Amino acid sequence: MLDKQSTVPMYVQIEKYLKRHILQGEFPVGKAIPSERELTEQFDVSRMTVRQAITSLVNEGMLYREKGRGTFVTATKVEQPLTRLTSFTEDMFSRGMKASNRLVSFKIITPDKDIQAKLQLSQEEDVYQVIRIRYADNVPMAIEKSYLPVSLMEGLNEKILKESLYAYIEKDRQFAISHATQRMEAALVNKEDAMHLDISIPSAIITIERISFLTTGIPFEVVRSTYRSDRYKFTSEIRR
Ligand code: 16G
């Protein structure tokens with residue numbers, strides 16, 4: 001399970017192992033994870049190494065220690081600051097998690113009036129409609145339904161969408177992404193989304209509609225995203 005030849009330190013590998021199990025619900029919220037002794041035996045490492053991995057997750061807020069009782073799983077939400085325009089892949093990478101996607105649908109459509117206005121398109125212009133389920137270390141986190149002008153993103157395809165859309169826009173297309181406006185709302189998940197997100201009904205979700213712009217001022221994406229409320233917590237800094 002651990003790769004002892006790897007240059008990745010053992011404690012980091014154990015940390016990732018624990019994180020994965022927490023996010024997949026195998027170590028449920030409020031329950032104790034295996035003891036330091038058990039993990040030491042399981043991984044055949046020193047107690048110090050196990051302790052280092054646990055401490056790191058305690059500092060991250062994923063675990064908490066209770067004297068004499070063990071180490072427990074805290075509610076496992078990722079904190080998403082609403083201050084920088086980052087991609088899902090970047091967000092997960094910065095947390096030591098691996099982003100992956102499942103492309104549910106990819107087609108060219110004539111947008112409705114609302115999307116058309118938000119993307120500042122004329123009546124004849126079509127858009128790519130992309131629906132992706134986004135995973136962090138194989139755990140479903142969000143559903144993103146994006147609309148992108150065909151005129152701007154000509155050539156977008158399923159292969160590109162398996163990877164980072166932002167990387168494609170910035171590196172391959174050499175467009176400069178600038179800013180976005182968005183609104184958030186709470187809702188109850190519908191049947192189809194509950195299936196994609198692997199959550200029960202009823203469950204609360206957080207929905208975001210975002211319009212993102214290039215530095216030229218041109219809107220390049222309208223996205224309607226559905227986030228698991230048990231996995232996300234949004235934070236922002238506000239000034240007087
Ligand atoms: C973020 C964006 C989304 C964008 C995606 C690109 C929301 C609210 N925000 O999740 O608009 O399409 O990142 O991520 O959904 P990627 O580069 O990893 O494909």
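Trainee: Rings of Phe, Tyr and Trp (its six-membered ring) pair if their centres lie within 6.5 Å; planes under 30 degrees apart count as stacked, over 60 as edge-to-face and the rest as tilted. Which residues form one aromatic cluster here?

Mentor: Tyr-227, Tyr-232 and Phe-234. Before we go on: this is a predicted model, where local features need pLDDT of at least 70, side-chain atom pairs count only at pLDDT 80 or more, and totals for chains, interfaces and linings use all residues. Residues are numbered from 1 along each chain as its sequence is written, and side-chain values use heavy atoms, with hydrogens and water left out.

Trainee: Fine. How many helices and strands are in the protein?

Mentor: Nine helices and ten strands. Both are DSSP runs numbered from the N terminus: helices are H or I with at least four residues, strands are E with at least two. The C-alpha trace spans about 65 × 40 × 40 Å along its principal axes.

Trainee: What share of the residues counts as buried?

Mentor: 45% of the 240 residues. Buried means under 20% relative accessible area, exposed over 50%, and partly exposed in between, with a 1.4 Å probe and protein chains only.

Trainee: What's the strand order in the open sheet?

Mentor: The six strands run 4-5-6-9-8-7, with antiparallel pairing. Two strands pair if DSSP finds at least two bridges between them.

Trainee: Which strands stand at the edges?

Mentor: Strand 4 (99-109) and strand 7 (177-188). Each has a single partner strand, so one side of each is left without a neighbour in the sheet. Neighbouring strands are turned by 15° against each other on average, direction ignored. Axes are lines fitted to C-alpha atoms, for helices over the stretch in contact, and angles run from 0 to 180 degrees between N-to-C directions.

Trainee: How many bridges pair strand 8 with strand 9?

Mentor: Nine, in the antiparallel sense. Strand 8 covers residues 204-214 and strand 9 covers 219-228. As one example, Arg-210 has Val-223 in strand 9 as its bridge partner.

Trainee: Which strands does helix 8 lie across?

Mentor: Strand 5 (127-136), strand 6 (139-149), strand 7, strand 8 and strand 9. Helix 8 (residues 165-172) runs at about 160° to strand 9.

Trainee: Back to aromatics. How many pairs are there?

Mentor: Seven. In one, the rings of Tyr-17 and Phe-43 have centres 4.9 Å apart and planes at 85°, so the pair is edge-to-face. Tyr-17 sits in helix 1 (residues 10-23) and Phe-43 in helix 2 (residues 36-43), so the pair ties together parts 26 residues apart in sequence.

Trainee: Are those two buried or exposed?

Mentor: Tyr-17 and Phe-43 are both buried. Now take Phe-106 and Tyr-128: their ring centres are 5.5 Å apart and their planes at 15°, so this pair is stacked. Phe-106 is in strand 4 and Tyr-128 in strand 5, so parts 22 residues apart in sequence are tied together.

Trainee: Which residues is Leu-156 in contact with?

Mentor: Leaving aside neighbours within four places in sequence, Phe-106, Tyr-128, Val-130, Leu-148, Leu-161, Leu-165 and Tyr-168. Contact means heavy atoms within 4.5 Å.

Trainee: New topic. Which side chain does Glu-209 make a polar contact with?

Mentor: That of Lys-118, at 2.8 Å. A polar contact is a pair of N or O atoms within 3.5 Å; within protein, one must be able to donate a hydrogen and the other to accept it, and residues adjacent in sequence count only if both atoms are side-chain atoms. Glu-209 lies in strand 8 and is buried, at 12% relative accessible area.

Trainee: And the ligand? How many residues surround it?

Mentor: 17, and the closest are Thr-89, Arg-132, Glu-144, Ser-164 and Ser-225. Near means that a heavy atom of the residue lies within 4 Å. A polar side-chain atom of Ser-225 lies 2.6 Å from a ligand oxygen atom. Glu-221 has a side-chain N or O atom 2.8 Å from a ligand oxygen atom. For Tyr-166, a backbone N or O atom lies 2.9 Å from a ligand oxygen atom.

Trainee: Last one. Which side chains of strand 10 are buried?

Mentor: Tyr-232 and Phe-234, which point to one face.
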